[in-house]
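Open the structure in your viewer and keep the selection panel at hand.

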Amino acid sequence: MSFEIRPTADLEEYGRAIFGIGQYFGAMPDEERLGRFSKVLDLERMHAARENGEIVGGAGAFAYDFSVPGGSLPCAGVTVVGVYPTHRRRGVLRAMMDAQLQDVHERGEPIAALWASEETIYGRFGYGIASWQGDVKIKREWSAFARPLERAGRTRFVTAAEALELFPPVWKALAAQRPGVFSRSPSWWELRALRLPDDEKANPKRFVSLEIDGETQAYAIFRTHSGFEAGVSNARTEVIEAIGATPQATAELWRFLLDIDWTATFEADLLPPDHPLFLLLANPRRAAFRMGDSLWLRVVDVGAALSGRAYAGVSVERRPLEARGRKRVAYRRGRGARARRGRARFRVSRRGLVRAATRVAARRGARRRCTGARRPALRLASAALVSRDLLS
Ligand SMILES: CC(C)(COP(=O)(O)OP(=O)(O)OC[C@H]1O[C@@H](n2cnc3c(N)ncnc32)[C@H](O)[C@@H]1OP(=O)(O)O)[C@@H](O)C(=O)NCCC(=O)NCCS
């Protein structure tokens with residue numbers, strides 16, 4: 001069975017394509033929701049799969065900048081991927097992934113990234129795990145820091161309108177420090193991070209700015225869920241986002257959150273395993289950290305992806321799709337590709353290549369053999385990578 005895949009042409013098609021996944025959430029594509037979503041995801045970036053003219057699935061891609069070690073790259077943020085249950089396992093997803101990757105390549109985005117609903121899906125399309133994330137559930141009695149914190153700055157609640165001015169610079173500072181952070185447009189901030197939906201009116205998100213030396217250096221978005229049992233509060237504080245531009249601001253912000261009265265449990269997710277909170281807590285084991293895969297990344301253009309890094313160069317041995325044999329090419333920031341002589345000293349899978357594109361540091365002269373996704377790409381500086389099945 002072949003399916004026709006092309007971008008959506010109007011809001012009606014857009015809605016039916018997004019309903020490919022929307023129906024699994026029980027989210028009808030109403031006008032208000034589509035109007036809002038189309039401000040962050042263009043109609044032309046939403047591919048629809050059609051059978052006999054009927055839309056049976058959809059796959060979208062946001063246009064982002066994605067931070068890589070020492071710089072940033074244009075990235076397709078793959079999203080709202082879904083196939084109608086009437087058409088599952090007939091190749092609709094595969095056809096959409098092919099069309100989308102081709103489109104991403106033509107647009108000059110060297111990488112594509114996504115969060116997977118199921119970790120079993122995207123490896124076959126060339127995606128590999130690029131980062132890990134986890135959630136914590138910290139009981140109040142285990143919320144002490146290892147060392148007393150010398151308090152600094154002041155926290156204050158701000159409105160969504162104020163947050164729109166104050167929070168983005170902190171996010172930008174995070175992106176400059178950590179690979180894998182997406183840029184956020186003003187619409188993204190307004191419609192996704194800071195929007196206060198009607199159905200959450202009874203218990204809205206709250207926005208806190210932490211100012212040090214007169215400048216917002218950290219912010220938090222959180223909500224409390226109150227409750228009492230046997231006369232004792234068992235409230236939860238749900239930390240939706242807590243970002244600091246400096247180590248001091250990060251520590252101060254978490255101290256503020258962990259001190260909120262009545263809270264029995266503090267919950268947060270999307271924390272990287274090396275989050276500073278684990279070093280701040282006196283008993284990090286008690287944070288009940290549960291880890292899983294986070295970002296999945298597809299290298300679409302090897303040269304652009306690897307020379308977008310500011311740090312040590314990486315050389316890649318590639319077997320071009322159209323040719324026999326392999327060629328070895330070195331990538332350094334700003335210098336483009338240079339042909340190299342000799343064979344690769346190390347080999348890694350396509351997933352290893354993902355790690356080379358996103359890891360912070362690379363050590364020169366590493367001798368260890370790197371063969372798989374789980375081996376550290378930290379050692380790939382003067383190594384060579386083998387990869388096939390790339391679009392460029
Ligand atoms: C996941 C989903 C998009 C798959 O669509 P589909 O059209 O049935 O997939 P295809 O028929 O094109 O399958 C392509 C390949 O992916 C595999 N695959 C599909 N869904 C899978 C899943 N959930 N887990 C593991 N493998 C899966 C198929 O077995 C097939 O493998 P192969 O070609 O290597 O043999 C669809 O089931 C769906 O919409 N699920 C609910 C929403 C969802 O999870 N969306 C993904 C959001 S990140």
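How many helices and how many strands does the chain have? It has ten helices and 20 strands, where helices (H or I, at least four residues) and strands (E, at least two) are DSSP runs, numbered from the N terminus. The model is a predicted one, in which local features need pLDDT of at least 70 and side-chain atom pairs count only at pLDDT 80 or more, while totals for chains, interfaces and linings use all residues. When you type a selection, remember that residues are numbered from 1 along each chain as its sequence is written.

**The whole chain**

Begin with everything selected: of the 392 residues of the chain, 36% count as buried, which here requires that 20 or more other C-beta atoms, placed from the backbone, lie within 10 Å of a residue's own. Two residues are in contact if their C-beta atoms, placed from the backbone, lie within 7 Å, and among contacts between residues at least 6 apart in sequence, 69% join residues at least 24 apart.

**A sheet that starts with E1**

Next, select E1, E2, E3, E4, E5, E16 and E6, which in that order form an open sheet of seven strands with mixed pairing; two strands pair if DSSP finds at least two bridges between them. The edge strands are E1 and E6 (128–129), each of which pairs on one side only.

Zoom in on E1 (residues 4–7) and E2 (residues 46–51), which pair in the antiparallel sense over four bridges, with Glu 4 standing opposite Arg 50 in E2. On E3 (residues 54–68), the bridge partner of Arg 50 is Ile 55. E2 and E3 run antiparallel, joined by six bridges, and they form a hairpin with two residues between them, where Asn 52 in the turn has a positive phi of about 50 degrees.

Now move to E5 and E16 (residues 295–299), an antiparallel pair joined by five bridges, and find Trp 115 opposite Leu 295 in E16.

Which residues of H3 are buried? They are Val 92, Leu 93, Ala 95, Met 96, Met 97, Gln 100, Asp 103 and Val 104. Just after H3, look for Gly 108, which takes a positive phi of about 80 degrees.

**Around the ligand**

Of the 18 residues around the ligand, Arg 88, Val 92, Leu 93, Ser 117 and Thr 120 come nearest. Helix H1 (11–25), strand E4 (71–83) and helix H3 (92–106) each supply at least two residues of this shell.

**The other sheet**

Finally, select E8, E9, E10, E13, E14, E7 and E15, seven strands that form an open sheet in that order, with mixed pairing. Strand E8 (154–158) and strand E15 (290–293) stand at the edges, each with a single partner strand, so one side of each is left without a neighbour in the sheet. The twist averages 25 degrees from one strand to the next. Within this sheet, E9 (residues 206–212) and E10 (residues 215–225) pair in the antiparallel sense over seven bridges, and Leu 210 stands opposite Ala 218 in E10.

Technical notes
A residue is near a molecule or strand if its C-beta atom, placed from the backbone, lies within 6 Å of it. Axes are lines fitted to C-alpha atoms, for helices over the stretch in contact, and angles run from 0 to 180 degrees between N-to-C directions. A residue is buried if 20 or more other C-beta atoms lie within 10 Å of its own, exposed if 12 or fewer, and partly exposed in between; C-beta atoms are placed from the backbone.
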